[in-house]
Each structure stands twice: as C-alpha cells, then as structure tokens.
Amino acid sequence: FFVSMHKYVLNTFLVLFSLFVLFCAAHDKIQPLQPFYATLFEDSIPEPSGLTYCNGRLFVICDRKSCHYIYEIDEFGNLVMQWGFDSSLRDIESVACDPVNNVIYIAQEEAKVVTAFRFPLQEGDWDVDDFG
C-alpha cells in the first residue's frame with residue numbers, strides 16, 4: 001500500500017510540476033508590446049478610427065458622421081492631404097490597403113459594406129468600386 005501511495009504522490013507531483021513549467025514557458029513567450037512613439041492628431045482629424053500604411057504613405061479614416069474623408073498624414077500625425085468620398089458612406093470603422101493594385105478599402109460597420117478606392121492621381125480624383 002505504501003509503495004502505490006508513494007507512486008501516486010510522485011506522479012501527481014510530476015504532473016503538477018510539468019504544468020507549472022509549461023505555464024512558465026508559455027508565459028515567457030507572451031511579451032507586452034512597448035510603444036516607442038506616439039503622437040496626437042491635429043484637430044483636422046476629429047475622431048481617427050483606422051490607420052493603414054501603403055506605398056510609403058499613411059492613411060487615416062474618421063468615425064464621425066460629418067467625416068467623409070480619407071486623410072493622408074505624415075509620420076508625426078500632421079495632415080498632408082484629405083480625399084473626399086460620397087457622404088452616403090456612414091459609420092466608417094476601418095481602412096486597409098492593397099499596395100499591389102493601388103487600392104484603399106474602407107468598411108462600413110452598420111451597413112456591412114466594403115468600398116474600394118483606387119489611389120488618386122490628383123486631388124479629388126477617387127474611382128469608387130462598391131463591393132457591398
């Protein structure tokens with residue numbers, strides 16, 4: 001009886017110790033990201049909601065009903081250019097980029113619509129493709 005009890009205690013200890021080692025090993029792999037830079041946006045972008053980097057440029061969208069722009073900013077958060085789009089697009093939540101095809105996508109949360117824009121050649125020159 002003593003031998004079987006000793007094996008049970010030893011096996012339990014080994015299982016618990018193994019779980020502890022696994023937990024510690026997994027915990028070491030999860031490292032919090034440490035920010036190295038942060039900036040405040042100018043008032044010209046009232047409620048930034050999404051950001052994408054594409055072809056060496058940063059683009060931001062805004063989540064206000066009055067915002068109907070895709071903003072181009074520099075690395076310090078300064079407004080470089082703003083590109084207008086149709087005011088019927090509402091509740092814009094995200095922006096993404098396809099640098100191969102020179103397309104920017106914006107997603108409308110409530111309408112569940114993704115709209116694609118080709119990169120403009122000059123101010124006000126957006127081609128719109130609706131993938132709704």
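Predicted model: local features only at pLDDT ≥ 70, side-chain atom pairs only at ≥ 80, totals over all residues.

Modeller: Let's start with β6 and its partner β7 (residues 113-118): 6 bridges join the two strands, and they run antiparallel. Strands here are DSSP runs of E with at least two residues, helices are runs of H or I with at least four, and both are numbered from the N terminus. Two strands pair if DSSP finds at least two bridges between them.

Residues are numbered from 1 along each chain as its sequence is written, and side-chain values use heavy atoms, with hydrogens and water left out.

Back to the pair: β6 and β7 make a hairpin with 4 residues between them, and K112 sits in that turn. K112 isn't a glycine, yet its phi is positive, about 55 degrees. At 71% relative accessibility, K112 counts as exposed; the scale is buried under 20% relative accessible area, exposed over 50% and partly exposed in between, with a 1.4 Å probe and protein chains only. N102 has a positive phi of about 55 degrees too, and again is not a glycine. N102 is in the loop between β5 and β6 and is partly exposed, with a relative accessible area of 36%.

The largest nonpolar core has 13 residues, and F59, I70, F85 and I106 touch the most other members. At least two residues of this core come from each of β2, β5 (92-98) and β6 (103-108). Apart from it lies another core, of 7 residues, with L58, V60, C62 and Y71 among them. A core here is a set of buried Ala, Val, Leu, Ile, Met, Phe, Trp, Tyr and Cys residues joined through side-chain atoms within 4.5 Å. In soluble globular proteins, nonpolar side chains tend to be buried together.

Next, the sheet that holds β2. It is open, with 4 strands in the order β1-β2-β3-β4 and antiparallel pairing. β1 (48-54) and β4 (79-84) are at the edges with a single partner strand each, so one side of each has no neighbour in the sheet. On average, neighbouring strands of this sheet are turned by 25 degrees against each other, direction ignored; the axes are lines fitted to C-alpha atoms, for helices over the stretch in contact, and angles run from 0 to 180 degrees between N-to-C directions. Between β1 and β2 (residues 57-62) there are 6 bridges, and these strands run antiparallel. In one of the pairings, G50 has I61 of β2 as its bridge partner.

N55 is in the loop between β1 and β2, and is partly exposed at a relative accessible area of 41%. Its C-alpha atom is 6.0 Å from that of P99, although the two are 44 residues apart along the chain.

Now for charges: the structure holds 2 salt bridges, each being a side-chain nitrogen of Lys or Arg within 4 Å of a carboxyl oxygen of Asp or Glu. In one of them R64 pairs with E47, with 3.5 Å between the closest N and O atoms. R64 is in the loop between β2 and β3 (69-73) and E47 in the loop between α1 and β1, so the pair ties together parts 17 residues apart in sequence. R64 is partly exposed at 42% relative accessibility, and E47 is partly exposed at 32%. E72 and R57 also meet through their side chains in a salt bridge, at 3.2 Å from N to O. That pair links strand β3, where E72 lies, with strand β2, where R57 lies, 15 residues apart. E72 counts as buried at 11% relative accessibility, whereas R57 is partly exposed at 24%.

To finish, the whole chain: it has 1 helix and 8 strands, and of its 132 residues 26% count as buried. Helix α1 (residues 2-29) contains F17, which is partly exposed with a relative accessible area of 45%.
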